[in-house]
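Here are a few friendly notes to read alongside the model.

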Amino acid sequence: MATADLVTPFIDRYHAARTAGLPGEDLPWLEQLRADGIARLKTLGLPTRRVEEWKFTDIRKLAAADFQPAPAIDGALHPDLAYVLAEETADVTAVLVFVNGRFRADLSRTDGLPAGVTLGPLSTALAKGDPAVATHFGRVLPDVERIAASGFLGLSTAMASEGAVLCVPDGVTVDGVIAAVFLSDNPGENPVITHPRLLSVIGANAEATVVETHAGRDGAGPTLTNFASELAVGDGARYHHYRLIRDGARGYHLANSHVRVGRDAHTDTFVLTLTGALTRSEVNARLIGCGGDLRVSGGYVGDGRRHIDNTSLIDHAVPDCRSRQVFKGVLDDASRGVFQGKIIVRRDAQRTDGYQLNRALLLTRKAEIDSKPELEIYADDVKCSHGATAGEIDNDALFYLRARGIPERTARRLLVEAFLAEVLEEIGAEPVRERFTALAAQRLNAHAQPVLEEAA
Amino acid sequence: MAAVAETIEQVRSVAEERYKYGFVTDIEQERAPKGLNEDIIRFISAKKEEPEWMLEWRLKAYHTWLEMTEPSWAKVHFPTIDYQDAYYFAAPKQKVAPKSLDEVDPELLRTYEKLGIPLNEQKMLAGVVAVDAVFDSVSVATTFKTKLREAGVIFCSMSEAIRDYPDLVRKYLASVVPVSDNYFAALNSAVFTDGSFVYIPEGVRCPMELSTYFRINAENTGQFERTLIIADKGSYVSYLEGCTAPMRDENQLHAAVVELVALDDSEIKYSTVQNWYPGDEEGKGGIYNFVTKRAACRGRNAKVSWTQVETGSAITWKYPSCILQGDNSQGEFYSVAITNNRQQADTGTKMIHIGKNTRSRIISKGISAGKSDNTYRGLVRVLPGADGARNFTQCDSLLVGDKCGAHTVPYIESRNPSAQIEHEATTSKVSEDQLFYCRQRGIGEEEALALIVNGFVRDVLQELPMEFAVEAQKLVGISLEGSVG
């Protein structure tokens, strides 16, 4: 099927959504963004493998499904989702919960934040005419070149109705973790889609930590989350943003994150992909002030026929910045991992320090890794390097453990766990690092010993 | 930073030194009419007195080409090429075919002498290199034929091979690079005019280095040569290729196809020093070097090694590749690419691991200066059956000045858990870590810098045969001390 045909149903649904009403219709700037978004979707269509950035991720089949808007779920959550939510909201400073793209005030909690910090649903911010949203929404990186690769972001902007908005004023520190939880559920069999958003505006010298979780449940019908987030990090700010993907077995997730890092700001981002049928996390980041420091890293566990794609573009637009990307994953069964990382160092971005590492552990003959670490450099006084490796478990290490009486299965699990634990070290915020590490280990164990678990 | 400054100066001076091969030989040319159509192909085929099957093959290729579109994915920019505005056949005019070197136009011989390719056997580099010289579209002379024939080695022009060894040609031609492989390969298949053919019989170690020298002389011509090298079981050959062209304001297209076939236990070493005219400082003129080079390691334990020193051409767009089919086969790629002024290079390799325990090694060094762009683009693909495959890739870029660009685009695709793939790349002025390491061991800063820069391209130059290493070293102009090769 030609891509044009694939796009038409999405456009029809956009018009249907307009008729039903989308928030912020009285805001001319938003109307303009929506019009631009749908225009971009029309021009670009949905990505095919012929588009370089989508070379390794084929979503044609997925896009051909007849996606209906996800149904509202107002009452009690499915026990599986309630369980995940309880986990995600333990020990957090504040939490916003969205179920199928709709805000659930009854499950959210925003008291206890320092004065001046706003945290709330996008619809409310639009209704109130929040100036930070008017300035930043859809405009954190308005001209990123990768946008050109896909119509999904345009679709997200056009369809935007709900999401999480966090604004931390200059100089304010938010202690603890702010959680944004996006739950997907589909009681039926027809595929459903949501277009949630996230916007973080971190003021100069402010500090905050956000954990953004996307979760579903295995028994649910197909769900597609077409997610877009924007992070604007002010000068001298310290911002930590971690994504956790715990989608259901038929959960599809396409995320597009735009990150803008100010002068002397420190931003560290991480995505841990644990479950879900297909997950693509795309990061477009730009360092716009000297002395900026950015980390874009991630870890993943692949099994079954899962597909995990981490694509990032880091744009060093100014001198004296640092960036670091480390991605590691374990691929079992017939799963497939994709890493496409690109660093651009612009003409004037002297003394840039860029680093990229991608390592994949292949556990079976059917697993596959496709890796493309790319450098595009136009400044001479730079230090940029990248590395990529792919291979199986180190036989020497395995032998070492076996020689010490550790059964092979355990030894393998230990080595896999250690392999993944290493990348989790990239997470700057300690409590999150510990939690993510525990979750990853739990996930690996659940996979490695299904029989034992059932017995227990 | 004196040593670095010196190095930079050397790179500049070498690259800016008036292109010494930019002269034009005033020699009477015989040309096909301008443009490209079936008649031109018939003309070329007739001129070369080719058999009917060859003409049919060309025409089929031409029709394939017509249906293809020019690719645009490389990181190079150039105005649209008008394929009708070029001559597809130009040959030095000669009444009768020369029977020996003595009958070759002395003007032509002088040209090759100026290029430093002494065709005259007596003047050969200690008699170790056999040369096939291709002037515009035709192979002018192949030296040392007798000695090679004694060893059983076939080394002749492609036209002769089509005439004298049709079975070999039909068996292997386009078996590595199919006609429809890419736009330029299809074009080449339709209009290729000459090139070299090498066949090394079973168990023979070729007694000397074989060499081809390509020269584009005539105006408005494209050069489309075709090289086919077959190393039969247990044989070995080292092959050298050099290229130059006169300075002209218009761009000239060079779209060659090189195919290597390595059977069981054989080894082919293919070295290129590419010094086509790069255009002037403003990027006017110069050669578009769009070449398809590919090797098939068909047999067990076969080995192919590509070494290239790319200093010329306005645009270089080529990826010498290895298809590692045979178990335990090996592919190597060593490359130094230097771009200056407005040159653009998008070059690299592809290593396709199919057989078990196949190994590949990629060492690429890119040096960008002036306003040039230098891209390494490479693919390492391990297929499910390639148990125990091993790849190591290192690509380093050095930027000289702040108006140039250096880019690295590796593709790594692995579908076998027992395969080990490692890729490393750096882009730098001079690595602070390396400097620190040297300094820590009591080496002075200047010396340390010299050492590091000297080491930068060394890995690759060492792979070149002696005769070329010297030339390449001069071309690179970056070796600060000691000898290379």
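1. A definition to begin with: rings of Phe, Tyr and Trp (its six-membered ring) count as a pair if their centres lie within 6.5 Å. Please keep in mind that this is a predicted model.

2. By that rule, the structure holds 25 aromatic pairs over all chains. One of them joins Phe182(A) and Phe227(A) edge-to-face, at 5.3 Å centre to centre and with 65 degrees between the planes. Phe182(A) is buried at 4% relative accessible area, and Phe227(A) is buried at 1%.

3. In chain B, the pair of Trp65(B) and Tyr183(B) is tilted, because the planes stand at 40 degrees, with the ring centres 5.4 Å apart. Helix H3 carries Trp65(B) and helix H8 carries Tyr183(B), 118 residues apart. Trp65(B) is buried, with 6% relative accessibility; Tyr183(B) is also buried, with 8%.

4. Which cluster do ring pairs build in chain B? Its members include Tyr62(B), Trp65(B), Trp73(B), Tyr183(B), Phe184(B), Tyr288(B) and Trp317(B).

5. Two arginines are worth a look as well. The charged end of Arg205(B) lies over the ring of Tyr236(B), 4.0 Å from its centre. Likewise, Arg441(B) places its charged end over the ring of Tyr437(B), 3.9 Å from the centre.

6. Chain B exposes about 18,200 Å², of which carbon and sulfur atoms supply 47%.

Methods: Residues numbered from 1 in each chain as written. Chains lettered and ligands numbered in written order. Predicted model: local features only at pLDDT ≥ 70, side-chain atom pairs only at ≥ 80, totals over all residues. Heavy atoms only, no water. Areas by Shrake-Rupley, 256 points an atom, 1.4 Å probe, with all protein chains shown as cover. Phe/Tyr/Trp six-rings, centres within 6.5 Å; stacked < 30°, edge-to-face > 60°. Buried < 20%, exposed > 50% of the residue type's maximum accessible area, 1.4 Å probe, protein only. Helix = DSSP H or I, 4+ residues; strand = E, 2+ residues; numbered from the N terminus. Lys NZ or Arg CZ within 6 Å of the ring centre and 35° of its normal.
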